[in-house]
Amino acid sequence: MEKIASFTVNHETLLPGLYISRVDGDITTYDLRTRRPNTDDLMDHSTMHSCEHMLATYLRNSPLKDDIIYFGPMGCQTGFYLLVRNADDASVLETLKTACRDVLAHEGEVFGNSSVECGNYRTLNLQKAKDECARYLKVLDGVDAQNLNY
């Protein structure tokens with residue numbers, strides 16, 4: 001059986017950043033790596049879940065909203081996947097930075113913070129989302145949109 005592409009990336013040397021995971025026709029899958037893999041410094045469930053709600057909402061309300069296919073967490077607790085149609089890497093990078101800044105400036109409840117809107121709303125925590133977005137924004141500030149290869 002063939003390995004899937006993400007299993008061919010050396011996770012022992014992978015650092016936080018923004019990477020192109022794969023391109024399928026007009027859809028680009030971005031690896032939003034917020035944590036270094038295989039360390040004791042992984043996102044807990046509440047952090048992943050809260051970031052998912054906040055970033056997905058801001059991304060789906062951004063100028064890229066019509067081209068976003070999917071945003072969600074990695075099961076390994078080290079980041080997120082973002083699938084974008086007709087992606088322009090520089091625009092994706094700037095949109096991610098803006099979304100992180102929007103989370104940092106957000107006041108009030110986490111988006112979707114009710115039993116009607118979410119299947120596990122009790123784990124949502126705005127401060128955890130803000131902390132993770134602040135951490136990732138520092139990483140994104142050092143990313144070169146011209147080189148998003150692993």
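Which residues does arginine 33 touch, not counting residues up to four places away in sequence? Here are a few notes on that and its surroundings, bearing in mind that this is a predicted model.

1. Arginine 33 sits in strand β2. Its contacts, leaving out residues up to four places away in sequence, are His11, Leu14, Leu15, Pro16, Gly17, Tyr19, Met74, Cys76, Thr78, Gly79 and Tyr136. With a relative accessible area of 2%, arginine 33 is buried. Its side chain and that of threonine 78 are joined by a polar contact of 2.6 Å.

2. Beyond four places in sequence, leucine 32 touches Gly17, Leu18, Phe71, Met74, Thr78, Gly79, Phe80, Leu82, Leu96 and Tyr136. Leu32 is also among the residues with the most contacts inside the largest nonpolar core, together with Leu18, Leu55 and Leu82.

3. That core has 34 residues. The largest share, seven residues, is supplied by α1.

4. Helix α3 covers residues 126–140 and spans 20 Å from first C-alpha to last, close to the 21 Å expected. At its start, a side-chain oxygen of asparagine 125 comes to within 3.0 Å of the backbone nitrogen of glutamine 127.

5. The buried residues of α3 are Leu126, Ala129, Lys130, Glu132, Cys133, Tyr136, Leu137 and Leu140. Viewed down the helix axis, they fall within an arc of 170°, so they line one face of α3. These buried residues pack against β1 (17–24), β2 (27–33), α1 (45–59) and α2 (89–105).

Notes: Residues numbered from 1 in each chain as written. Predicted model: local features only at pLDDT ≥ 70, side-chain atom pairs only at ≥ 80, totals over all residues. Heavy atoms only, no water. Helix = DSSP H or I, 4+ residues; strand = E, 2+ residues; numbered from the N terminus. Expected span 1.5 Å × (residues − 1). Buried < 20%, exposed > 50% of the residue type's maximum accessible area, 1.4 Å probe, protein only. Arc of directions from axis to C-beta. Contact = heavy atoms within 4.5 Å. Polar contact = N/O pair within 3.5 Å; in protein donor to acceptor, adjacent residues only side chain to side chain. Core = buried A, V, L, I, M, F, W, Y, C linked by side-chain atoms within 4.5 Å.
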